[in-house]
Amino acid sequence: MAEWRQTRYVYGEALVEAGRLNPRVAVLDADLYKSTRTVLFREAFPERFVDIGIAEMDMVSTAAGMAATGMIPFANSFAIFITAHCYDQIRIQICYPGLHVILAGSSAGLTQGPDGASHQSLEDIALMRALPKMQVLVPADGIETRAMTLAAANELSGPIYLRLGRYPVPDILDPSYRYQLGKAAILREGKDVALIACGHMVYPALQAAERLAAEGIQALVVNMSTIKPLDREIILQALGVCALVVTAEEHSIIGGLGSAVAEVMAEEGAAVRLVRLGTRDVFGESATADELLAKHGLTAEGISQAVRNSLRARP
Amino acid sequence: MRIENVKALQRLAWELRLDIVRMMGPNKAHHFGGSLSAADLVTAIYFHALRYDPQNPRWPERDRFVMSKGHCVPAQYAALARLGVFPREELPTLKTLGSRLQGHPAAHLLPGIEACTGSLGQGLSFANGIALAGRMQGLAFRVYCLLGDGETQEGQVWEAARTTVRQCLTNVIGVIDCNGLKAMDTSYCGAEIPALAEKWRAFGWRVREIDGHDMAQICAALDWAIEEHPQPAMIIARTVKGKGVPFIENEPDYHNAALTQEQIDRAIHALQMQMAHMEEA
């Protein structure tokens with residue numbers, strides 16, 4: 001039985017591991033360290049931890065200064081605050097010079113839950129993807145979260161946005177998994193529909209594939225865990241096999257995974273239908289995570305239904 | 001660099017002003033006003049205060065200078081070129097296609113530039129980050145940050161002001177080029193001007209107010225700022241926007257403006273006259 005974990009919890013543990021492996025790793029937080037789980041790093045390496053206080057812009061610019069001076073800073077807050085609230089700072093002080101700062105956006109998406117629209121980040125992927133040099137990483141499970149955190153500290157360079165969640169997901173990937181930037185993975189082969197998902201949506205996509213298989217529909221499932229740089233090859237591969245592509249993300253369909261896939265398909269002149277699942281140009285609201293996912297069709301059943309409808313509607 | 005001779009520093013400051021006006025040249029909008037008001041401060045920081053090896057601008061233990069009011073980077077370009085960090089012949093490429101001398105500082109393009117700024121209000125936070133990283137690595141250097149008085153209207157400046165104190169970053173030294181003007185208007189109404197020092201004191205900084213065109217006062221303040229003290233130091237330097245070019249001085253319209261060739265010639269002449277006057281004094 002796979003272990004169910006919230007990616008933010010795994011991240012908190014992996015950060016301590018990264019700090020142990022690399023003395024240049026430092027962590028900044030903006031008064032959310034128990035929630036972002038950087039509290040573990042704070043306990044392990046107090047001399048390399050800075051709680052800036054409730055000042056995300058200051059935190060991000062401070063992280064940039066640290067990166068310019070030999071440290072590898074991980075700056076932490078809720079996903080919406082560390083992206084939207086500090087966009088100008090990220091753009092000019094981190095991305096423009098290409099500094100190696102990791103922005104970890106915690107509690108991303110609808111599954112942030114009861115706090116409502118102000119705290120539910122549904123635009124962060126779009127915002128980060130638009131910035132030159134920024135790399136956008138969205139782990140599907142705990143195993144990938146750890147792999148990405150360690151890679152961000154030790155293997156990658158330049159600006160990185162790491163999107164984390166507070167919704168339990170089962171471990172999908174093999175424990176031996178190693179993260180490679182820009183390399184997506186086919187988790188399940190199929191020929192009728194390609195389900196391209198990221199983050200929390202990878203597991204329901206796999207569940208949907210199971211359901212559809214029982215109905216005679218063979219779904220190919222892709223874990224698109226790097227939104228930027230995007231793995232074009234794997235999309236082309238899917239287009240070569242399937243006559244329908246469905247993207248699923250816990251994010252707006254504007255500017256996120258669905259948009260990124262659409263751009264590739266349009267540029268390739270693919271005569272394949274695309275259905276984008278996500279929030280449709282609306283804000284979130286207070287409710288439980290499961291209620292919100294169901295409302296926006298971001299469940300195994302929601303994905304399955306979208307596939308059935310699209311295949312049925314096809315001439 | 002460590003020049004103690006006040007007259008030598010004054011001479012350098014006038015030379016920097018000439019470099020600024022010449023690199024900007026005619027018929028193109030440039031930030032004349034703020035670059036000229038900051039010239040004495042930038043001169044004193046680079047040639048009196050900074051522990052810096054122009055041959056090795058990435059020396060890990062160097063003192064850093066962060067130009068938070070990034071639009072005044074021509075003053076910094078002039079100083080770096082005078083130090084020999086890059087060739088002076090490159091100065092006239094300012095803001096032309098392919099130049100390393102961007103309209104606002106680009107740290108990844110030009111050695112000697114420490115931070116990308118230009119969006120106001122962010123430099124002091126960056127300076128704090130440099131200081132924190134230095135502490136974490138056991139490096140003993142100082143970080144100088146030059147802000148504009150108008151820039152302190154940005155809220156992030158006060159986030160950073162708090163962080164400097166809260167993190168005990170006493171090796172961060174702030175300097176405000178208090179020329180009293182912004183892009184459109186005066187920085188503060190009369191009632192606010194004295195409060196600037198009080199604001200910094202209230203945030204836990206020690207403050208010294210000086211005449212930002214009196215080189216002896218500037219050097220004395222920079223020496224005061226590195227004295228052992230539990231509080232970080234902020235130097236509030238009263239300056240004249242456009243200092244040295246009479247028809248630009250205190251004219252908000254020359255915050256970012258194009259001069260004609262005739263005006264450039266007049267500006268250079270005015271600067272040369274004042275330089276000669278300084279030499280005679």
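A:K133 sits in the loop that joins α7 (124-129) to β6 (135-137) in chain A; helices (H or I, at least four residues) and strands (E, at least two) are DSSP runs, numbered from the N terminus. The phi angle of A:K133 is near 75°, a positive value in a residue other than glycine. Most residues other than glycine have a negative phi, and most peptide bonds are trans. A:P229 is placed in the loop between β12 (226-228) and α10 (232-241) of chain A.

The model is predicted: local features need pLDDT of at least 70, side-chain atom pairs count only at pLDDT 80 or more, and totals for chains, interfaces and linings use all residues. Residues are numbered from 1 along each chain as its sequence is written, chains are lettered from A and ligands numbered from 1 in the order in which they are written, and side-chain values use heavy atoms, with hydrogens and water left out.

Helix α1 (residues 7-21) and helix α8 (residues 142-154) of chain A pack at about 35°, their axes 8 Å apart. Axes are lines fitted to C-alpha atoms, for helices over the stretch in contact, and angles run from 0 to 180 degrees between N-to-C directions. The crossing of α1(A) and α8(A) is right-handed, a term for the near helix being turned clockwise from the far one by less than a right angle, anticlockwise being left-handed. On the α1(A) side the contact (heavy atoms within 4.5 Å) includes A:V10, A:A14 and A:L21, and on the α8(A) side A:G142, A:R146 and A:L150 are among the residues. By class this contact has eight nonpolar, five polar and two charged residues. Ala, Val, Leu, Ile, Met, Phe, Trp, Tyr, Cys and Pro count as nonpolar, Asp, Glu, Lys and Arg as charged, and the others, Gly among them, as polar.

In chain B, helix α1 (residues 6-24) and helix α3 (residues 39-49) have axes that come within 9 Å and cross at roughly 120°. The two helices are therefore oblique to each other, since angles under 35 degrees count as roughly parallel, over 145 as roughly antiparallel, 65 to 115 as roughly perpendicular and the rest as oblique. Their crossing is right-handed. Among the residues that meet are B:L12, B:L16 and B:I20 in α1(B) and B:V42 and B:F47 in α3(B). The contact divides into eight nonpolar, two polar and two charged residues.

One packing pair joins the chains. Helix α4 (residues 56-67) of chain A packs on helix α5 (residues 123-136) of chain B at an angle of about 50°, with axes 6 Å apart. α4(A) and α5(B) are therefore oblique to each other, and their crossing is right-handed. The residues in contact include A:D58, A:G65 and A:M66 from α4(A) and B:F126, B:G129 and B:M136 from α5(B). Seven of the contact residues are nonpolar, six are polar and one is charged.

On a 1 Å grid over the protein atoms alone, a cavity is a set of points where a 1.4 Å probe fits but cannot get out, and a pocket is an open set with protein on both sides within 12 Å along at least five of seven lines; lining residues have an atom within 4 Å of a point. The largest pocket has a volume of about 310 Å³. Its lining has 19 residues, and B:F141, B:R142, B:T170, B:N171 and B:E228 lie nearest its centre. This lining divides into nine nonpolar, four polar and six charged residues. The largest cavity is lined by residues that include A:T7, A:R163, A:H200 and A:E250.

Note on methods:
Grid points are joined across faces, edges and corners, and a volume is the space filled by probe spheres set on the points.
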